[in-house]
Amino acid sequence: MATTHFELPANMTAVKLISALSDQVDIHLVSRQYLLKTYYDSFDWRLYRQGVICEFNRSKQSSSLMLTNRKNGELIASTLLFDVPAFSKQFNPGKVRQTLEPLLGVRALLAICTLECEAHHLDILNKDEKIVLRVLIEQFDLLNNRLTLFPVKGYDKTVGHITEMVTKELGVTVADKPVLLEALRLQGRLPKDYSSKLDIKLTPEMRADVACKTIFSYLLRVIKLNEQGTIADTDSEFLHDFRVAVRRTRVALSQVKHVLPEDVLIIYREFFSWLGQITGETRDLDVYLLNFEQYKKKLPPVIRQSINPLHNFLQVKKQKSHKQLAKKLRSAKYLTTLAQWETYLSSSASPDPTETNAHLTIKELADKRIWKTYKLAVKEGDAIDRHSPSGALHKLRKTCKKLRYLMEFFQNLYPDNQTDKLIKRLKQLQEVLGDYQDYSVQQEQLQQFSEEMQTINTPSRTFLAMGVLIQDFENRKCKARDSFTSQFTAFKKQETHTSFHDLFAPRKT
């Protein structure tokens, strides 16, 4: 039988429950201890979304971490430890690490909430003084107390007897929510209260200027939520999500001509362009460090370890770069301008705006911008052949990124799933364009790093290994360029074009 979890009535303490059980069965108190129960997850709830709850229990005697199934409370894995590591790769090898690594990826484990708890561990014995059931009663200050029954193999009848007794005679109910949800409720929080995926609530008839402010406000919230994690360098995804929200804001600012006042657009285009610039180097270095083990695998075994000085160089460079970035994110320029942007976005829209496109509905504006950007992407792609310079692919990449963001901004204005297939097709083209650009940039940066490292007494074999990596990037860049034609052909096929036309092209009247 499976472990069973119950919630006690509001007025039932652990002592009352133990007393009631003692009248029915022979009970042995194994331990009673006070502990702190802390729940962990990533900032974007990666464990919870995959049905896992991470719970760390600390008492004077010991501390342990448990991973349980969110739906049924079954134990997945557990381990004894004194402190919770920040990253899954820092756990000792074992079931806990095996479970966490694919779920968390590069994200850090963060404490979500903490409860004080008095835990009573009991054994129920039969006439032969054999353990037939293990019991845990958890008593909380602000939550209803919990009862958990752990069956012992071969004594299923005891579980049934105790379950019937506590439910019928004591009013105990089967727990339908994990303690984590109740703890979050006390804090006024809900699980999954942050996601990097766009979910902007718009209605087709909203006035364009009002809807644009809604989009910008949503993106500003994402920027602010990731601000402190970026400054603290908690994990690399904070900066990544911060930059994506900045990039989306820049695209939106470029697409709302004659919707918002031009003087406002000029100020904030410049500001968000600056934000993109000051965060670029740190993010590039993050990517190098995150991918470093993959780079090593590309090298022949005989020189694989010779690349390690590059890792040390990148770490030092990243620390300096991040320190400068954190300083700029604490500067008066950043804080003041962002506050002014927030004030503008929260202000009421003018009842009679003078901008020519402000009176459009957001659906009309979305159709217009998406259709125009799609046609531009097709035109730029058609002009690319094997003799085209790399800048032509980079230009198309930026246009495709604008198209993708526009479709994501306005996705809920269109029938369910009709944009999903188009976005998926666009992503496949973006992937090959992104690979080509990334390999080009990384190739250039590696060459630059090589020049910088010549001044710091770097072993010659390290430069040899870096040369191999540079050539590998060249090979991968050529493969990406070769696959562009097939991906673009797939993107512009008649079926895709018809779908774009039917969804977004202006209707003839």
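Visitor: Into which domains is the protein divided?
Guide: In this predicted model, the protein is divided into domain 1, covering 4–187, domain 2, covering 195–360, and domain 3, covering 362–508.

Visitor: How far apart do domain 1 and domain 2 lie, going by their C-alpha centres?
Guide: The C-alpha centres of these two domains are 40 Å apart.

Visitor: And how many residues are in contact there?
Guide: Domain 1 contributes eight residues, which are in contact with 10 residues of domain 2.

Visitor: What area is buried between domain 1 and domain 2?
Guide: About 740 Å² is buried between them, and carbon and sulfur atoms give 62% of that area. On the side of domain 1, F43, V106 and R107 supply 61% of the area buried against domain 2, more than any other three residues.

Visitor: How many salt bridges does the rule find across that interface?
Guide: Two salt bridges are found between domain 1 and domain 2. The rule also finds two residue pairs in polar contact across this interface, both at pLDDT 80 or more. As for the residues of domain 1 that touch domain 2, five are nonpolar, none is polar and three are charged.

Visitor: Now to a new topic, cavities. How many of 30 Å³ or more does a search of the whole structure find?
Guide: The search finds one cavity of that kind. The volume of the largest cavity is about 70 Å³.

Visitor: Which residues line the largest cavity?
Guide: Its lining consists of C212, I215, F216, A252, Q255, V256, L365, R369, L406, F409 and F410.

Visitor: Pockets next. What volume does the second largest pocket have?
Guide: The second largest pocket has a volume of about 1,000 Å³.

Visitor: Which residues lie nearest the centre of that pocket?
Guide: Of the 40 residues that line the second largest pocket, H5, E55, M66, L136 and F150 lie nearest its centre.

Visitor: How does the lining of the second largest pocket divide by class?
Guide: The lining has 14 nonpolar, 16 polar and 10 charged residues.

Notes: Residues numbered from 1 in each chain as written. Predicted model: local features only at pLDDT ≥ 70, side-chain atom pairs only at ≥ 80, totals over all residues. Heavy atoms only, no water. 1 Å grid on protein atoms, 1.4 Å probe; cavity = no way out; pocket = protein on both sides within 12 Å on 5 of 7 lines; lining within 4 Å. Points joined across faces, edges and corners; volume = space filled by probe spheres on them. Nonpolar A, V, L, I, M, F, W, Y, C, P; charged D, E, K, R; others polar. Domains from an automatic or database assignment. Contact = heavy atoms within 4.5 Å. Buried area = accessible area lost by both parts, 1.4 Å probe. Salt bridge = Lys/Arg side-chain N within 4 Å of Asp/Glu carboxyl O. Polar contact = N/O pair within 3.5 Å; in protein donor to acceptor, adjacent residues only side chain to side chain.
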